[in-house]
Amino acid sequence: MLDKTKQDWGAQAAAIEIEGRAFINGRYEDALAGETRASMSPADGRKLADVASCGTEDADRAVVNARAAFESGVWASMAPADRKMVLVRWAELILEHADEIALLESLDAGKPIGDTTGGDVPAAARTIRWSGEAIDKVYDQVAPVPANCLALVQRLPLGVVAAIVPWNFPLTTTAWKLAPSLATGNSVILKPASNTPLSALRIAGLASEAGLPDGVLQVLPGPGGSLGRHLALHNDIDGLTFTGSTEVGKQLMRYSGESNLKRTFLELGGKSPNIVFADANLEKAAAFAAIAVFYNGGQTCTAGTRLIVEEGIREQFVEMVVAQSKKWMPGDPLDPATTMGPMIDAAQLNTVAEYVDIGQAEGASLVTGGKQIMAESGGSYHEPTIFDGVKNSMRIAQEEIFGPVMSVIGFRDAEEAVAIANDSIYGLAGAVWSNNINTAHRVAAAVRVGTMGINNYFGGDITVPFGGFKQSGNGRDKSIHAFDDYTELKTTWIEFE
Ligand code: NAP
């Protein structure tokens with residue numbers, strides 16, 4: 001599949017059939033009110049499809065279906081070994097349709113086709129397969145109690161779960177939410193981001209084909225402010241899992257408190273520190289410093305946007321990272337050679353441009369980039385951009401920009417590096433680069449984040465938990481720990497006569 005050329009992908013894109021209807025109770029259906037929203041290509045601004053825009057009445061019927069499916073036990077009470085087979089088959093079907101799903105994701109989100117074929121689609125399939133394969137291997141507990149008693153501690157599904165996901169990794173975040181929530185026996189209603197509903201809609205049909213019973217998974221595209229809010233306030237939804245901005249995450253916690261205290265788990269924003277000591281492998285560190293910010297156009301919650309560099313090498317290292325940044329000039333997402341695509345839309349491009357102005361006004365030094373390019377394409381492309389001489393108190397070091405903008409901050413010793421790294425409302429991810437094992441471990445242990453790399457960035461896979469400290473969220477996606485977000489612990493205490 002990687003042998004396809006830009007022309008091949010273009011031809012496939014011209015012929016692709018896009019499903020834009022909601023997936024409700026095992027069927028594709030229009031929104032009850034007949035509302036639609038145009039899904040636009042970030043690459044060139046053309047319309048890809050009209051997509052159902054669901055309202056509160058669609059949410060209500062989906063909740064009724066989900067509740068009925070849950071209460072019937074058709075999925076929740078299915079033997080774990082049988083649930084496993086459905087999820088494994090679903091993962092296989094995703095891989096059988098890998099090119100089509102990768103293309104949908106690239107068209108909808110503007111992601112380079114090399115990323116979606118090599119990353120998003122296989123990773124989503126692996127997430128679903130891994131969670132499915134785990135469920136007949138996870139045991140509950142018998143507690144150490146007096147001999148005349150037996151105490152069982154069991155994990156039970158929450159019931160009906162709503163999942164709300166963002167546009168930056170539409171398929172990946174969808175898989176991170178659906179795999180463990182379905183594996184543990186819940187019925188799930190997914191609301192994709194309005195910008196990127198297409199891959200989730202496509203894989204929902206494949207789940208049905210794999211044998212997932214009707215009503216167990218439903219996908220409702222629609223606006224966050226109305227549909228998403230309604231789901232979050234719904235009294236017959238037991239759990240809410242969310243990936244998105246810290247601002248909306250806080251709102252969802254309020255909705256939970258105002259309604260039925262539904263279990264609410266959040267994966268939110270970040271402003272991650274990437275700390276480079278003079279004794280590191282600087283070639284590798286410079287390459288990864290660029291990957292950490294420019295991959296996915298910086299529209300990555302874990303982006304290493306604060307490059308914190310030991311003063312003695314700062315000047316030299318910034319030059320090396322600037323050289324690396326040239327490899328990330330944006331291009332057509334359907335060209336397999338493209339490393340960075342467009343921003344998701346004009347509003348996001350505008351946000352990036354505003355922060356470039358803010359950085360300059362704050363006195364940081366713009367060493368490369370800073371401009372929109374390829375405007376004639378109709379897409380929202382922005383150059384890789386690096387600011388040096390940044391103070392951690394500046395807005396470009398404190399606020400999540402969600403674009404290809406790096407802030408370089410100098411430090412004198414390890415204590416100062418850690419203090420800078422931790423001076424943030426966020427605590428999602430970070431990395432430290434050093435060939436001194438003591439420095440690397442000491443700094444890694446002291447930085448308050450959910451995932452820390454030593455001599456790598458973006459390390460990890462489905463086997464390890466993912467999530468944030470502080471205002472980067474609570475709960476965890478991925479690994480067996482994700483099952484905790486979708487289950488209640490129940491104790492059954494038995495006394496013998
Ligand atoms: P967002 O604006 O918070 O939107 C995320 C989702 O929430 C979308 O589906 C959105 O719907 C919906 N939504 C918006 N307002 C809502 C409300 N009042 N009630 C219920 N739902 C609502 O975030 P985004 O701009 O799509 O994504 C970027 C953010 O996600 C960044 O902050 C990034 O760091 C974060 N993120 C975090 C992780 C992680 O794992 N920690 C991973 C990826 C992204 P609409 O699309 O209709 O607005």
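Buried area here is the accessible area (1.4 Å probe) that two parts lose on being put together, summed over both. The model is predicted, so local features need pLDDT of at least 70 and side-chain atom pairs count only at pLDDT 80 or more, while totals for chains, interfaces and linings use all residues. Numbering runs from 1 along each chain as its sequence is written, and side-chain values use heavy atoms, with hydrogens and water left out.

**View 1. Two domains, one chain.** The chain splits into domain 1 (6–269) and domain 2 (273–463), with bounds taken from an automatic or database domain assignment. Their C-alpha centres sit 30 Å apart. Between domain 1 and domain 2, about 2400 Å² is buried, and carbon and sulfur atoms give 62% of that.

**View 2. Who touches whom at the domain interface.** Counting contacts as heavy atoms within 4.5 Å, 29 residues of domain 1 meet 31 residues of domain 2. There is one salt bridge between the domains, where a salt bridge is a side-chain nitrogen of Lys or Arg within 4 Å of a carboxyl oxygen of Asp or Glu. Six residue pairs make polar contacts across the interface (both at pLDDT 80 or more); a polar contact is a pair of N or O atoms within 3.5 Å, and within protein one must be able to donate a hydrogen and the other to accept it, with residues adjacent in sequence counting only if both atoms are side-chain atoms.

**View 3. Zooming in on Arg126 and Asp461.** These two side chains pair up in a salt bridge at 3.8 Å, N to O.

**View 4. Around the ligand.** The ligand has 29 residues around it, the closest being Val165, Ser194, Ser245, Leu268 and Glu400; a residue makes the list if one of its heavy atoms lies within 4 Å. The Ser194 side chain puts an N or O atom 2.5 Å from a ligand oxygen. For the Lys191 side chain, that kind of distance is 3.1 Å.
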